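Notes follow in the order I looked things up.

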Amino acid sequence: MPSPRTYNAIVIGLGAMGSATLYHLARRGWRVLGIEQLKPANGMGSSHGDSRIIREMYFEHPLYVPLVQRAYELWSQLEKASGKSLMTINGGLMIGPSDGAIVRGTIRSATEHNLQYEMLDANETRSRFPAFDLAEDLVAVSDPRAGFLDPEACVQAHIDLARASRAEIRLDEAVSKWMPNGEGVRVTTTQNEYDADFLVIAAGAWNGQLLRDINLDLAIERQVVYWLEPESGHALYEKARFPIYAYEYKAEHICYGFPRLPRGVKASVMHSGEISADPEGVRRSVNDDEVDPLRAALRPVLPGLAIAPVRETSTCIFTNTSDHDFLIDFHPAYRQVLISSPCSGHGFKFSSAIGELQADLLMTGKTRFDISPFRLGKLPDR
């Protein structure tokens with residue numbers, strides 16, 4: 001095997017977080033290498049499927065709002081730099097009972113960060129967005145800056161611009177192992193060995209396999225998404241009249257969806273999938289009856305969509321932490337290794353900002369954002 005090549009940093013995994021981190025390091029002049037075991041935004045991971053929600057009034061916690069606000073700025077900058085359309089802002093509806101977690105959480109984030117929002121009852125929602133026919137006990141909070149991202153295009157833009165800044169990319173090259181090498185690291189793949197000052201492990205569901213020396217307590221969850229084809233009223237689902245939405249259909253259980261895109265009207269139920277011990281064990285086929293829980297969840301808010309035929313299905317992976325917050329921290333034994341964000345199914349929208357944040361951590365050891373809830377110390381039995 002030839003002598004290892006040396007870099008300032010190596011990034012393992014070129015999905016959402018890895019591609020963004022590679023880009024931000026490369027554009028600042030670092031000599032960087034990105035390694036991806038398959039292809040970017042492949043169908044086996046978490047960064048594919050034609051759309052990802054972006055929303056400002058983050059019902060999960062107000063802590064996320066400054067981070068997503070920076071993400072909006074960076075997505076806009078990436079659009080200009082790449083010449084690609086990456087982000088569509090068509091508004092969003094956060095729907096549920098007035099005392100539910102989504103509605104209360106959305107209002108809390110909006111209030112703490114002085115964001116403008118509207119409360120809509122069932123009649124007001126129906127009048128403004130005719131596809132939505134909310135049950136009378138439901139309300140909606142309107143988020144005017146919400147919309148959706150094109151995940152495949154976002155990942156590819158980060159990779160293309162990283163390469164334009166002289167980053168090296170290795171695709172279809174799996175990492176066999178990594179180890180500390182003095183104050184740096186050595187990464188061994190199926191094809192070569194590489195040395196670097198720093199290592200970023202951003203392999204999503206494969207992070208656990210690369211970090212067997214510590215207990216990350218990650219749950220690998222199969223997520224099924226559906227593209228539905230309403231048989232009438234097609235215009236009601238176009239992006240000008242159909243915002244993205246998240247609906248709390250029972251306590252802390254959410255379904256969500258998008259306007260009509262080329263593959264249909266996409267919808268899914270959040271965190272309802274099978275848990276696997278490893279990513280290779282995730283079931284990729286979808287049974288016909290698996291759509292039934294989604295149809296039941298949609299009936300009180302989108303009755304026309306609830307009965308629409310299924311046009312297409314797909315699976316992806318959520319890599320969940322125990323509290324569904326992110327994970328961004330240095331390895332407890334090796335400060336030259338940064339563990340990057342198994343993001344529990346809600347992280348893609350942040351990836352432009354997380355890439356910048358992680359570049360800051362490597363280059364300066366600090367970031368302007370509060371990431372204390374994302375530290376390793378929150379995980380049990382480490």
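Started with the largest nonpolar core, which has 56 residues; Leu22, Val32, Leu67, Trp75, Ile328, Phe350 and Leu362 touch the most other members. I take a core as buried Ala, Val, Leu, Ile, Met, Phe, Trp, Tyr and Cys joined through side-chain atoms within 4.5 Å, with buried meaning under 20% relative accessible area (1.4 Å probe, protein chains only). Helix α2 gives this core its largest share, nine residues.

Housekeeping: this is a predicted model, where local features need pLDDT of at least 70, side-chain atom pairs count only at pLDDT 80 or more, and totals for chains, interfaces and linings use all residues. Numbering runs from 1 along each chain as its sequence is written, and side-chain values use heavy atoms, with hydrogens and water left out.

Next I checked Leu67: leaving aside residues up to four places away in sequence, Leu67 touches Phe350, Ala353, Ile354, Leu357, Phe369 and Phe374 (contact is heavy atoms within 4.5 Å).

Then I looked at α2 (64-82) against α9 (351-364): they pack at about 100°, axes 7 Å apart. The axes are lines fitted to C-alpha atoms over the stretch in contact, and angles run from 0 to 180 degrees between N-to-C directions. That makes the pair roughly perpendicular, a label for 65 to 115 degrees. Helices here are DSSP runs (H or I, at least four residues), numbered from the N terminus.

Last, α1: 11 of its 12 residues are buried. Just after α1, I found Gly29 with a positive phi of about 100°.

Conventions: Helices (H or I, at least four residues) and strands (E, at least two) are DSSP runs, numbered from the N terminus. Angles under 35 degrees count as roughly parallel, over 145 as roughly antiparallel, 65 to 115 as roughly perpendicular and the rest as oblique. Buried means under 20% relative accessible area, exposed over 50%, partly exposed in between (1.4 Å probe, protein chains only).
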